[in-house]
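Welcome! Here are a few friendly notes to read alongside the model, with charged pairs as the topic.

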Amino acid sequence: MTESNIDDHAYCPPSESTGIRSFAARSKSSVRGFAIFEMPAEKHPRQIIYESNLERKTLLTLCAQADIWNVHDQPGRISFEGLTGKLETHIPDYLAQFRCGLRVAIAVKPYDRVQKINFRATLRAVEKCMSPSFADRLALVTEKSLNPAEVQNAEFLHLCRQHKDREADLLVANAVAGLVASTSIADLVSEVGLGGRGFRAVFRAIYDGRLSAEKRSVITPLTSVSLPEMQP
């Protein structure tokens, strides 16, 4: 039997979600699911739950950011005085912690719904009552907040990170070390000689900060890449 190209280690199941609400797979009002992420703060895979496709896209885009440190789904309840004067509670969809220490509570909701229920006013009321120990600020994400190309890249990145390939990563790292000018991903993959494995390794290198590329457009084999220090 030949040695596998994929990392070999004993299987350890991912940790469960840290969210305060239980996961219900069946719901008439939402599309629920979960994704497995290995956050930099934990170095161990964990389930993160989403309750809509918009939440899933938001989660993937968050976890693709170079400065993300940790993300928790449904991190806790915030009591606040609602627009009618009654005491209400709000559960943010995510709590994102960045490497600089900034903590942002995130509410995800479709734009039309935001407009219909005056959700921005509700969030302002929530933020006034939010403890500084919970988060530094509260942000709203709608479908208008997301760049479709960045979402598509984030979805592919998540697939690339699910299957670690140290051999491909090492070969790409060696090829990258010799770069003296910008090149296309196709040319870099051709030099590495691993086909799809090489492309996925280059993709990981881009989001790990070892290569620079335009991430606001869909990344393809024709995308130009360079060393970060080559950027103006």
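Which side chains meet in a salt bridge at 2.8 Å, N to O?

1. They are those of Arg-197 and Glu-167. A salt bridge here is a side-chain nitrogen of Lys or Arg within 4 Å of a carboxyl oxygen of Asp or Glu. Please keep in mind that this is a predicted model, where local features need pLDDT of at least 70, side-chain atom pairs count only at pLDDT 80 or more, and totals for chains, interfaces and linings use all residues. Residues are numbered from 1 along each chain as its sequence is written, and side-chain values use heavy atoms, leaving out hydrogens and water.

2. Arg-197 sits in helix H7 (residues 196-207) and Glu-167 in helix H5 (residues 166-177), so this pair ties together parts 30 residues apart in sequence. Helices (H or I, at least four residues) and strands (E, at least two) are DSSP runs, numbered from the N terminus. Arg-197 is buried, at 17% relative accessible area, whereas Glu-167 is partly exposed at 36%. Buried means under 20% relative accessible area, exposed over 50%, and partly exposed in between (1.4 Å probe, protein chains only).

3. The structure holds ten salt bridges. One of them joins Arg-103 and Asp-136, with the closest N and O atoms 3.5 Å apart. This pair links distant parts of the chain: Arg-103 belongs to strand E7 (residues 103-108), and Asp-136 to the loop between helix H3 (119-129) and strand E8 (137-141), 33 residues apart. Arg-103 is partly exposed at 22% relative accessibility, and Asp-136 is partly exposed at 42%.

4. Asp-208 also forms a salt bridge with Arg-210, the closest N and O atoms being 3.5 Å apart. Through shared partners, salt bridges join Arg-161, Asp-208 and Arg-210 into one network.
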